[in-house]
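Work through the exercises below with the sequence and the model in view. Each task is followed by a solution in steps.

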Amino acid sequence: MEGLTTAQKAELSKVIVTKLTQMFPHIDNIAMNVSDFEKATYCNKNQLESKGV
């Protein structure tokens with residue numbers, strides 16, 4: 001969900017890519033991007049069940 005700052009998302013990306021690089025040193029390219037779910041447009045199964053859909 002929304003809420004992390006750009007700096008927090010950048011740090012999260014760095015930490016995860018660092019750990020994955022340590023775990024899988026034979027993989028040449030490891031990358032990621034953090035994207036937020038917009039609360040206004042997000043839906044999951046539990047929300048459907050609670051709304052009687």
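**Exercise 1.** Decide whether E11 is buried, partly exposed or exposed, and place E11 in the chain.

Solution. 
- Step 1. In this predicted model, the relative accessibility of E11 is 46%.
- Step 2. Buried means under 20% and exposed means over 50%, so E11, at 46%, counts as partly exposed.
- Step 3. E11 belongs to helix α1.
- Step 4. For a distance across the fold, take E11 and A31: they are 20 residues apart in sequence, and their C-alpha atoms are 13 Å apart in space.

**Exercise 2.** Find the place of S13, its class of burial and the residues S13 touches beyond four places in sequence.

Solution. 
- Step 1. S13 sits in helix α1, which covers residues 6-23.
- Step 2. The relative accessibility of S13 is 15%. With the limit for buried set at under 20%, S13 counts as buried.
- Step 3. Leaving out residues up to four places away in sequence, S13 touches M32 and V34.

**Exercise 3.** How many salt bridges does the model have, and which residues form a salt bridge?

Solution. 
- Step 1. The count comes to one salt bridge.
- Step 2. The side chains of D36 and K9 form a salt bridge, with 3.1 Å from N to O. The cut-off is 4 Å between such atoms.
- Step 3. This pair links distant parts of the chain: K9 is in helix α1 and D36 is in the loop between α1 and α2 (45-50), 27 residues apart.
- Step 4. Compare the accessibility of the partners. K9 has a relative accessibility of 18% and counts as buried, whereas D36 has a relative accessible area of 30% and is partly exposed.

**Exercise 4.** Which residues does D36 contact, leaving aside neighbours within four places in sequence?

Solution. 
- Step 1. Locate D36 in the loop between α1 and α2.
- Step 2. With those neighbours set aside, D36 is in contact with M1, E2, G3 and K9.
- Step 3. For a separation along the chain, take E49: D36 and E49 are 13 residues apart, and 23 Å separates their C-alpha atoms.

**Exercise 5.** Describe the protein chain as a whole: secondary structure, spread, surface and charge.

Solution. 
- Step 1. The protein chain has two helices and zero strands.
- Step 2. The radius of gyration is 16 Å, well over the 10 Å that the globule rule gives for 53 residues, so the protein chain is more spread out than a compact globule.
- Step 3. Along the principal axes, the C-alpha atoms fill a box of roughly 50 × 25 × 15 Å.
- Step 4. Of the 53 residues, 8% are buried.
- Step 5. The accessible surface comes to about 4800 Å², and carbon and sulfur atoms account for 56% of this surface.
- Step 6. There are 6 positive and 6 negative side chains, and the centres of the two sets lie 5 Å apart.

Technical notes. Residues numbered from 1 in each chain as written. Predicted model: local features only at pLDDT ≥ 70, side-chain atom pairs only at ≥ 80, totals over all residues. Heavy atoms only, no water. Rg over C-alpha atoms; globule rule 2.2 N^0.38 Å. Buried < 20%, exposed > 50% of the residue type's maximum accessible area, 1.4 Å probe, protein only. Areas by Shrake-Rupley, 256 points an atom, 1.4 Å probe, with all protein chains shown as cover. Lys, Arg positive; Asp, Glu negative; His and termini not counted. Charge placed at Lys NZ, Arg CZ, Asp CG, Glu CD. Contact = heavy atoms within 4.5 Å.
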